[in-house]
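Visitor: Please show me how to read the features of a model. Take them one at a time.

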Amino acid sequence: MAWFKATAVHLIERVDGYLQLLAAHEVACERVESTDPGRIVYEDEVQVVVVPWENGCRSGS
């Protein structure tokens, strides 16, 4: 899963427009926010790509 960092405001501002476009074409989607989405496998200035935690949370949490 790919996530925008909270500091990537210029990209996050576009998300609602993309969700509206997808909804207009009946493509199921949702906006999700998380402070701990999973184990990071890639990271740059604006995004992280993660392997989600099992059951939606970190083991032992």
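**Reading the charged pairs and the hairpin**

Guide: At 46% relative accessibility, Glu 43 counts as partly exposed. Buried means under 20% relative accessible area, exposed over 50%, partly exposed in between (1.4 Å probe, protein chains only). This is a predicted model: local features need pLDDT of at least 70, side-chain atom pairs pLDDT 80 or more, while totals for chains, interfaces and linings use all residues. Residues are numbered from 1 along each chain as its sequence is written, and side-chain values use heavy atoms, without hydrogens and water.

Visitor: How many salt bridges does the structure hold?

Guide: A salt bridge is a side-chain nitrogen of Lys or Arg within 4 Å of a carboxyl oxygen of Asp or Glu. The structure holds three. In one of them, Lys 5 pairs with Glu 43, with the closest N and O atoms 2.9 Å apart. That pair links distant parts of the chain, 38 residues apart: Lys 5 lies in the loop between strand 1 (2–4) and helix 1 (9–24), Glu 43 in strand 2. Helices (H or I, at least four residues) and strands (E, at least two) are DSSP runs, numbered from the N terminus.

Visitor: Which residues are linked in a network of salt bridges?

Guide: Asp 16, Arg 31 and Glu 33. Arg 31 to Asp 16 is 3.5 Å between the closest N and O atoms. Arg 31 to Glu 33 is 3.3 Å, N to O. Glu 33 is exposed, at 64%.

Visitor: What joins strand 2 to strand 3?

Guide: Two strands pair if DSSP finds at least two bridges between them. Here five bridges join strand 2 (residues 38–43) to strand 3 (residues 47–52), and the strands run antiparallel. Ile 40 has Val 50 as its bridge partner in strand 3. A hairpin connects the two strands through three residues.
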